[in-house]
Amino acid sequence: MLLLDIHCERDAFQLQVRESFSLNGVTGVMGPSGCGKTTLLRCIAGLERHVQGSVKFDSTLWQSEAAFVPPHKRGIGYVFQDGRLFPHMSVRSNLNYGLRRNRKYLDTASETLSFEHVVEWLGIVSLLDRPITRLSGGQRQRVAIGRALLGSPKLLLMDEPLSALDWASRTSIMPRLREINREFGVPVLFVSHNREEIARLADEVVLMDNGCIEERGPTRQMLNRARGSLADDQALSVLEAGVVNTDSPYGMTELEVDGRSLMVNQSNLRQGQQVRVVVPASEISLCLENISQISIQNRLLTTLTDIQDIDDHHALVRLTLDEQALIALITRQSRHRLGLKLGITVYAHFKAACLEVV
Amino acid sequence: MTEQLLQTTVGQAVWVTLKLASTTTLILMMAGLPLAWKLANMKSRARPVIEALVGLPMVLPPTVLGFYLLVAFSPQNLPGKLWLDMTGSTLAFSFTGLVVASVIYSLPFVVQPLQRAFEQLDKGLLESAATLGAGPLDQFISIVLPQSLRAVLLAACLGFAHTVGEFGVVLMIGGNLPGETQVLSIALFEAVETQDFTSAHTMAAGLLLFALILLVSLYSLERKEHR
């Protein structure tokens, strides 16, 4: 539990946050650049000097009118956007930096276990004796994540850890980030301006704008809707699905969402596994009748529960399955041509190839 | 016989000079590192005043500094009196007095390169170290020093070399006691005065060579840094 009541003024910018975070799993903080996401994280870490108010983590008061616990005594981990590895040390020494300094809280056996565990889990065993200058961007961020984890943090703060990376490194690290919370049991506060990252990683989404927290809620509830500040042409929806059949022909995997079958072309999934599917709104097309003579594999029967024009040309449609919902982006012209109204039944079509499964 | 005696005078001067420069450099590094760090991170309005005080020996004629030190060392004034009460001897015309003077005289040559390096240091690394559990002193030792290693080396060399090269201040407060306060530059001056050109040549050439070697090392160090 993190209790914040802070006010931070710097140059022409103001941050004003009064919230409590339960910090179950991964909390994703989202918002346009300059909205105060990073400042919020820095205030929690104790890195921001001109901040007033109070910060309380579980039963420990990190900051109040009277006291200020410096960052090195807060027991946090922080992964910076630019990694901030120590250039005069090898990968191993970087990883050991936090481990050594937090040794007093750990017993020797569990400590060595966790070093090997973390290093293997991140796939950086072969890099251990390399100098920092000879690492790629993706390798650097892996080391930075490992270094932060090895400090045995009570709270892991991540500030756009993937934004400086190319697409390939991003895709290879993302699944690791999703596992951190489960694997090491540490709550994560994750800042990103990238909606897809948030959709894939966060359990709870916090929306910030102009130095304030605008809105927050469970990820599905926040993303899968046709209104609000995320209702634009970048909209996407998140589905929670179960893996029901991994031996479908042609290497396809069958998932189940609200009793409906969903095909994805991903072959590394396990039977019974719970996965998250990210569907971009622009990839969904609507059909009023069930057409089977079509290359598109995924045709879900849905009920139209919301529709909203978002600009001069486009509208967002909310399509409810049973529990869960999809968001589709269509043109306003289609909206009128099809005569879309609340409550009608619609088939949502989308290609198996456009889905991100995590 | 005369030559042997001269050998001893030169030898003594070399010994006094090395002892003075080493002691001064050691003290300068111990005082200069925290001072430079403090200055590099200082935001208060006192900063230019302190910087000016530290830098004063660079523009002041050494004789001015020497004169005021001589006044301060006098047992009639508070610093000299305190020292006399504490140790039973005076600071003027003593090796300790020379050390005190050299530390003040060479301070800017140590503090300025250190301060410049500290100012250029990526402060993000320190934040990173802090979140990993390192306190301020720990950060200084584990991050700041290794990151500024070249500047630390440069500062020590400059402090040492500048102390070897001082003349005016030593003349004012140290006088010319062989084996005690007679450093090379003074011994050279004395040799010329007494028309002992053999010794003068030996010492001048020695100092020239020392300065040359030191500067070549420093510049190649800088070259490496820019690479």
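**A close look at one proline**

A: Let's start with A:Pro280, which touches A:Leu236 and A:Cys354, leaving aside residues up to four places away in sequence. Touching, or being in contact, means that the C-beta atoms of two residues, placed from the backbone, lie within 7 Å. Before we go on, this is a predicted model: local features need pLDDT of at least 70, side-chain atom pairs count only at pLDDT 80 or more, and totals for chains, interfaces and linings use all residues. Residues are numbered from 1 along each chain as its sequence is written, while chains are lettered from A and ligands numbered from 1 in the order in which they are written.

So where does A:Pro280 sit? You'll find A:Pro280 in strand β14 of chain A, which covers residues 274–280. Strands (E, at least two residues) and helices (H or I, at least four) are DSSP runs, numbered from the N terminus.

Is A:Pro280 buried or exposed? A:Pro280 is buried, because 21 other C-beta atoms lie within 10 Å. The cut-offs go like this: 20 or more other C-beta atoms within 10 Å of a residue's own means buried, 12 or fewer means exposed, and in between is partly exposed, with C-beta atoms placed from the backbone.

A:Val118 and A:Pro280 are 162 residues apart along the chain, and 33 Å separates their C-alpha atoms.

Elsewhere in chain A, β4 (residues 51–57) pairs with β1 (residues 2–10) in the antiparallel sense, over seven bridges. Pairing here requires DSSP to find at least two bridges between two strands. Within this pair, A:Cys8 stands opposite A:Val51 of β4(A).
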